[in-house]
Amino acid sequence: KLSWNNINKFPHTTFNWVGLDGSSVLTHMAPAETYTANATANQLIESVKKHKDVAYTNESLYLYGHGDGGGGPNEGMLERLRRMEDVDGLPRVKQAHPNEFYEHVEKTAKDLVSWRGELYFELHRGTYTSQAKTKKQNRQAEFLLRDLELLSVVARSLGKNFVYPSKEITRLWKLACLNQFHDVIPGSSIEMVYKDSDAIYADVLNSAAAMKQEAVVSLFGGMGLALASEATGILVANTTSWPRTEIVAVPGLSAQLGAQQVRKQDQAALMVATTVPGCGLQLVNPTKSTDAVPVSVHRDKGGCVVLENLYVSARFSAEGQLVSFIDRRTERELIPKGQSGNVLRLHDDVPIFWDAWDIEIYNLEKFTTMKATKVTIVDEGPLLASISVEVPIGESSKMLQTISLSAISPRLEFACDVDWHENHKCLKVGFSWDIRSDFATYETQYGVVQRPTHRNTTWDMAKFEVCAHKFADLSEYGYGVALLNDSKYGYATLENTMALTLLRSPKSPDAHCDMGQQTFRYAVFPHQGSFNESKVVQEAYQFNVPLIQMPVDIKVASSSAMTAAPYFSVTAAPNVVLDAVKAPEDGSRDIIVRLYEAYGGHASATVSIKIGASSVVKTDIMEERADNLELRTLANGAGKSVVVDFKPFEIVTLRFAA
């Protein structure tokens, strides 16, 4: 596929591909530059000419047959290859299993070159954004299933009557993975496909939510808690592995809870959940006063609206743009003079060949800046301040933004509701920061990738639109800002400006792609220290994984045997993240815990478990290998712990025996 690059030619055919963690895999790009070859002499000759590493190995794969719709090889192809097996002037041809090819290359190749980091594909950049609903549902499914697995493991361990729903969880994971097929999740399928995938996602999300609720009820009941029909408090569960302090919103219970603040949007009661332990629980009493310094909002003399808390001050113009963003802890202005943030730009989006697949660099040059027509103060504290921003988009679309700042965090959030009816347009949001760096950091699976913020070379220029998961970060020595999202994957950073692609409007192969109502969120998170010293990874998880809450009777809950101690914890290594807790695939009552090093450094982490474990082994992602580790009893006797060493970006899977 890399042979399709539209700017640079990839320089290798057979090489060692070195990953983020330093591991490598033998890699081969078939030099015929197709996976649907038709078995001609000319193609075989071209395969030899285009082999870029023939000095190290003179073999290559030749992939033939009718593809992209099925069919495979036909009789004529097989006969031509038979006749060309050993013909003077042609390369020798041999029918073989791919494993035989790779095994022979491993044994005979000399001094293969290595390629470190990503194999960036210089095409199909629009697939990071097309079919926004599908991408959002995928993100929701991934995190919902993660929570379901963790809560089910704890409920099984603490509740005698709870049965871990392994078959149903496997079914739902397979459905979620089915929709990750290479034309569904990229947004490059026909309209009929998305009717099917929406039904599949509805099954996944509804079924997983119901089972998650069962696990939560079983878990709370297993600790003797009585769920109240008329709640006087909230029990909060944290499924991340670190303590969290957050504002929780409880819709429909504001009157009886007597909360400090009621959110105007939905009349939800707002309260502070303070230091909820990682993988643990905490009871929140809404009548108990909080130490949080109130957040405020006001309109200044210049007509700008200012959101301000203990950490930051954010000033928005009448056009809805962020014209000042001050870190009050360091008195640092983050917006350069004459520049802004939350700048919405509507670009022309007319690819050369493939509508849903591609975004072209020339379309970056033609855009219109969208400006708000109305900015209204909504919530005025003390726990949450928010403003409403109305923005007309193009000729027939509109956006309603709710921009909010809580009393307890420097994170500035943007919730967007868009009525989208454009034709070959692309909507981006940009933030310009007073930060200088030659590279930006983007999240990928279990790690990060750094990419240039300049266009010195054609290789740099080709990365004008790149893929990221939950965040991108721009940092210099001592300071940085991260741009988080809840469902977007297309980013770009040029010099000091970070951009997130929000919506596209291609007309092929789905003529109605993304038309209608779209909702999504993004946020900016300023942090002291560079990315490697920050908590950006944790903050991005929190933005995507809300605290779980259950209404309870305070008196009953307070008198129960509830413990806030974490069921799983990771200490002594802030760069290690606990990502998954699940039952093993063999159906036993053991517990699988998967962790990874998130920032690119070494670590020695203490992993603790408080729901019963007799031994622990370090296994692999297939749960097959077993290397014994020493399991120690915690000092207070309430659980066990194991010390695990990590290399940069290493994934570690532990198996605790019940």
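Mentor: A salt bridge is counted where a side-chain nitrogen of Lys or Arg lies within 4 Å of a carboxyl oxygen of Asp or Glu; by this rule the count comes to 35 salt bridges. The model is predicted, so local features need pLDDT of at least 70 and side-chain atom pairs count only at pLDDT 80 or more, while totals for chains, interfaces and linings use all residues. Residues are numbered from 1 along each chain as its sequence is written, and side-chain values use heavy atoms, with hydrogens and water left out.

Trainee: Which parts of the chain does the pair Glu-539 and Arg-411 link?

Mentor: Helices (H or I, at least four residues) and strands (E, at least two) are DSSP runs, numbered from the N terminus. The side chains of Glu-539 and Arg-411 form a salt bridge with an N to O distance of 3.0 Å. Glu-539 belongs to helix 9 (residues 536–544), and Arg-411 to the loop between strand 18 (397–406) and strand 19 (412–420), 128 residues apart.

Trainee: Are Glu-539 and Arg-411 buried or exposed?

Mentor: Buried means under 20% relative accessible area, exposed over 50%, and partly exposed in between (1.4 Å probe, protein chains only). Both Glu-539 and Arg-411 are buried.

Trainee: How does the salt bridge of Arg-521 and Asp-486 read?

Mentor: Its N to O distance is 3.7 Å. Arg-521 is partly exposed, at 27% relative accessibility, whereas Asp-486 is buried, at 12%. Salt bridges that share partners join Arg-411, Glu-413, Asp-486, Arg-521 and Glu-539 into one network.

Trainee: Which residues of helix 5 are buried?

Mentor: Helix 5 (residues 166–178) has 13 residues and reaches 18 Å from its first C-alpha to its last, close to the expected 18 Å; the expected span is 1.5 Å times one less than the number of residues. Ile-169, Leu-172, Leu-175 and Ala-176 are buried in helix 5. They cover an arc of only 125° around the axis, which puts them on the same side of helix 5; the arc is that of the directions from the helix axis to the C-beta atoms. The face turned away from this buried side carries the exposed residues Lys-167 and Lys-174.

Trainee: What order do the strands of the open sheet have?

Mentor: Two strands pair if DSSP finds at least two bridges between them. The open sheet of 5 strands has the order 9-10-11-12-13, with antiparallel pairing. Strand 9 (296–299) and strand 13 (332–333) stand at the edges, each with a single partner strand, so one side of each is left without a neighbour in the sheet.
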